Amino acid sequence: MHSVMSWKSWVAQRCFVSLLIKASYSVEFEISVPREPQLAIMGQYVVLDCSFTVGKAWDLDNSVITWQRGLEVIHSFYHGQDQLDRQSSHYTNRTSLYHSEMERGNASLRLDRTNLGDKGDYTCSVSTLLGSETKTFALKLAAYYPEPHLKFTASPRDVELLLISQGGYPQPSVHWLDDSGDVVTNNTVTNISEDTQGLYTVFSTLNLQGQVNETITFVLKNKDLGQEIRREITLHSANERSVEEGRISGDNKKRWTILVPIVTFVLLFCVLLMPALRKMCHGHQKPSPVYQTPPGSSVITNAFYCTL
């Protein structure tokens, strides 16, 4: 009885091991790519994600990885090495695969020095002993907008604010807000131009009429990068500036009104006092002593000089 149970146990174990071996060689082949568009920052590198199923039948020499954009070949790998004879010149010296990670199912492509010409749909194709599959996803490009420059023009009738930011992508949203945080829609003009690289320059103007005493807020948003530039500009009317300048000028006049008589008095006092000082100086001179010296000897004279 005991031998029968041992035999059944041995058969069960063998069946379990056989099922495991069979499962390892009949794994369903599949590749995975991003479901949503990937985002790359212009000028930096991006890793285009692609992974595939790896079983015990993995063999590097019998594996093929190809990246394309439409009919344009970006990068190819087969016979155990990179094959770049058919690579598009647009991607020369900018692509690489992770060779050491292929046995773990990594078919991702690194793309260096990205530019706006790289945006579009990318296709990852993988073929191994387990199977073959192809999948496509989108790549988006974006660039941060730099700190805007402010140009300010004022006249007795109006104030004009111009903010300029150049070198961003894609087109941003631009708003001017008043003290209450409400969007200023009147007297605002925003122009967006494109440079030779495809990047955008933003020119946004706000014109305010009459006396202005408030804080205006400029807001620029790059939605793709989650970037928001918010700058507050505090304005005062020209009349207030004139009044302030008048106060300063009036204060200066008061100072000079006090200082001029004092300076004049001091100078007059010095002129009147000068003769008296000269007289006192000469009056205090001691007469030179005269010594009776024998004939043929020298005469020594002590003198005091007062110079004003």
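**Lys140 and its partner.** I looked up Lys140 and found it partly exposed, at 35% relative accessibility. The model is a predicted one, and I kept that in mind throughout. Which residue does Lys140 form a salt bridge with? I found Asp224, with the closest N and O atoms 3.6 Å apart. Lys140 sits in strand S11 (residues 131-142) and Asp224 in the loop between strand S17 (214-222) and strand S18 (227-235), so this pair ties together parts 84 residues apart in sequence. I noted a relative accessible area of 29% for Asp224, which makes Asp224 partly exposed.

**Other salt bridges.** I counted 8 salt bridges in the structure. I then took up Glu147 and Arg231, whose side chains meet in a salt bridge at 2.6 Å, N to O. Glu147 belongs to the loop between S11 and strand S12 (149-154), Arg231 to strand S18, so parts 84 residues apart in sequence are tied together here. Glu147 is partly exposed at 45% relative accessibility, and Arg231 is partly exposed with a relative accessible area of 33%.

I also checked Lys221, which forms a salt bridge with Glu228; their closest N and O atoms are 3.8 Å apart. Lys221 is partly exposed at 35% relative accessibility, and Glu228 is partly exposed at 41%. I wrote down a network of salt bridges that links Lys221, Glu228 and Arg230.

**The neighbours of S11.** I followed strand S11 next. Which strand pairs with S11 in the parallel sense? Strand S2 (residues 38-41) does, over 4 bridges. In that region I found Ala40 opposite Leu141 of S11. S10 pairs with S11 in the antiparallel sense, over 9 bridges. I noted Ala138 in S11 as the bridge partner of Asp121.

**The disulfide.** How many disulfides does the structure hold? I found 1. Cys50 and Cys124 form the disulfide, with their sulfur atoms 2.1 Å apart. Cys50 lies in the loop between strand S3 (46-48) and strand S4 (51-52), and Cys124 in strand S10 (residues 120-128); the pair links distant parts of the chain, 74 residues apart. I asked why this disulfide is left-handed. The torsion about the S-S bond of Cys50 and Cys124 is about -80°, so the disulfide is left-handed. Are these two cysteines buried or exposed? Both Cys50 and Cys124 are buried.

**Aromatic rings.** I counted 5 aromatic pairs. One of them is Phe52 with Trp58, a tilted pair, 5.8 Å centre to centre with 35° between the planes. Phe52 is buried, with a relative accessible area of 7%, whereas Trp58 is partly exposed at 22%. I looked up Trp67 and Phe137 as well: their ring centres are 6.1 Å apart and their planes stand at 85°, so this pair is edge-to-face. Trp67 lies in strand S5 (residues 64-69) and Phe137 in strand S11, so distant parts of the chain, 70 residues apart, are linked. I found Trp67 buried at 0% relative accessibility, and Phe137 buried with a relative accessible area of 4%. Back at Phe52, I noted that Phe29, Phe52 and Trp58 form one aromatic cluster.

**A charge over a ring.** My last entry concerns Tyr45. Which residue has its charged end over the ring of Tyr45? I found Arg110 there, 3.8 Å from the ring centre.

Notes. Residues are numbered from 1 along each chain as its sequence is written. This is a predicted model: local features need pLDDT of at least 70, side-chain atom pairs count only at pLDDT 80 or more; totals for chains, interfaces and linings use all residues. Side-chain values use heavy atoms; hydrogens and water are left out. A disulfide is a pair of cysteine sulfur atoms within 2.5 Å. Helices (H or I, at least four residues) and strands (E, at least two) are DSSP runs, numbered from the N terminus. Buried means under 20% relative accessible area, exposed over 50%, partly exposed in between (1.4 Å probe, protein chains only). A salt bridge is a side-chain nitrogen of Lys or Arg within 4 Å of a carboxyl oxygen of Asp or Glu. Two strands pair if DSSP finds at least two bridges between them. Rings of Phe, Tyr and Trp (its six-membered ring) pair if their centres lie within 6.5 Å; planes under 30 degrees apart count as stacked, over 60 as edge-to-face and the rest as tilted. A charge sits over a ring if NZ of Lys or CZ of Arg is within 6 Å of the ring centre and within 35 degrees of the ring normal.
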